[in-house]
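Subject: Structure handover

Hello,

Here is the structure we talked about. Please load it first, then read the notes below alongside it.

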Amino acid sequence: MDIEEARRVVSALANGVHPVTGEVLPEEHLYNEPAVIRSLFTLLKAVRMPKRAPLSLEERQKENVKLGRPRNAGLPWTETLREELAKQFRGGAGITDLTGRFERTRGAILSELLRQGLIEPDQRQAEMEPR
């Protein structure tokens, strides 16, 4: 067993969940005792995983695609991309079209348009409503 697997097991127990079946442990179970829960969380804090090296832009994009997210989800906006987004929005491009062109989430597009003052907060909220 590696350290990550051990952390997963201890974390499940600390949260009152059977680490194999995923079932919630009975209220009277030993792992639901406050002292045990505090001990498990203390151990989890003490056994922190080493931080991995930051991913390159290309690696982050590949990870996004692998996880089913838009390719540029969560990545910073460059000034060039901000200008291009504003230009296309002013030119009549719709939100759905922009999400595809910029490979970003609907929320990211709307937030950037709001940040640039191209839409109002109530417009952003209305666009975020499920359709």
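Start at Glu 112. Leaving aside residues up to four places away in sequence, Glu 112 touches Trp 77, Arg 82 and Leu 85. Keep in mind that this is a predicted model.

Glu 112 sits in helix 6. Is Glu 112 buried or exposed? Glu 112 counts as buried, because its relative accessibility is 4% and the cut-off for buried is under 20%. Arg 82 is buried as well.

The two residues form a salt bridge, with the closest N and O atoms of Arg 82 and Glu 112 at 3.2 Å. Arg 82 belongs to helix 4 (residues 79-90) and Glu 112 to helix 6, so this pair ties together parts that lie 30 residues apart in sequence. The C-alpha atoms of Glu 112 and Arg 82 are separated by 7.6 Å. As background, side chains of opposite charge can pair when their charged atoms come close.

**Helix 4 against helix 6**

That pair is part of a helix contact. The axes of helix 4 and helix 6 come within 11 Å, crossing at roughly 90°. Helix 4 is therefore roughly perpendicular to helix 6. On the helix 4 side, the contact uses Arg 82, Leu 85 and Phe 89. On the helix 6 side, Ile 109, Glu 112, Leu 113 and Arg 115 take part. By type, the residues of this contact of helix 4 with helix 6 are four nonpolar, no polar and three charged.

**Helix 4 against helix 5**

Helix 4 has a contact with helix 5 too. Their axes come within 11 Å and cross at roughly 150°. Roughly antiparallel begins over 145 degrees, so helix 4 and helix 5 are roughly antiparallel to each other. The crossing of helix 4 and helix 5 is right-handed.

Which residues make the contact? Helix 4 supplies Leu 81, Glu 84, Leu 85, Gln 88 and Phe 89. Helix 5 supplies Ile 95, Leu 98, Arg 101 and Phe 102. The residues in this contact of helix 4 with helix 5 split into six nonpolar, one polar and two charged.

Arg 101 and Asp 97 are separated by about one helical turn, because they are four residues apart in helix 5. Arg 101 is partly exposed, at a relative accessible area of 47%. Asp 97 also counts as partly exposed, at 34% relative accessibility. Elsewhere, salt bridges with shared partners join Glu 79, Arg 82, Glu 112 and Arg 115 into one network.

Next comes a backbone point. Glu 103 is not a glycine, yet has a positive phi of about 50°. Where does Glu 103 lie? Glu 103 is in the loop between helix 5 (95-102) and helix 6 (106-115). Glu 103 counts as partly exposed, with 29% relative accessibility.

Now turn to helix 1 (residues 3-14) and helix 2 (residues 34-46), whose axes come within 9 Å and cross at roughly 150°. That angle makes helix 1 roughly antiparallel to helix 2. Their crossing is left-handed. From helix 1, the contact takes Arg 7, Val 10, Ser 11, Leu 13 and Ala 14. From helix 2 come Ile 37, Leu 40, Phe 41 and Leu 44. The residues of this contact of helix 1 with helix 2 comprise seven nonpolar, one polar and one charged.

Arg 8 pairs with Glu 5, the closest N and O atoms being 2.9 Å apart. Arg 8 and Glu 5 are three residues apart in helix 1, which means about one helical turn between them. Arg 8 is partly exposed, with a relative accessible area of 40%. Glu 5 is partly exposed at 30%.

**Tally**

How many salt bridges does the structure hold? The structure holds six.

Best wishes

Methods:
Residues are numbered from 1 along each chain as its sequence is written. This is a predicted model: local features need pLDDT of at least 70, side-chain atom pairs count only at pLDDT 80 or more; totals for chains, interfaces and linings use all residues. Side-chain values use heavy atoms; hydrogens and water are left out. Helices (H or I, at least four residues) and strands (E, at least two) are DSSP runs, numbered from the N terminus. Buried means under 20% relative accessible area, exposed over 50%, partly exposed in between (1.4 Å probe, protein chains only). Axes are lines fitted to C-alpha atoms, for helices over the stretch in contact, and angles run from 0 to 180 degrees between N-to-C directions. Angles under 35 degrees count as roughly parallel, over 145 as roughly antiparallel, 65 to 115 as roughly perpendicular and the rest as oblique. A crossing is left-handed if the near helix is turned anticlockwise from the far one by less than a right angle, and right-handed if clockwise. Contact means heavy atoms within 4.5 Å. Ala, Val, Leu, Ile, Met, Phe, Trp, Tyr, Cys and Pro count as nonpolar, Asp, Glu, Lys and Arg as charged, and the others, Gly among them, as polar. A salt bridge is a side-chain nitrogen of Lys or Arg within 4 Å of a carboxyl oxygen of Asp or Glu.
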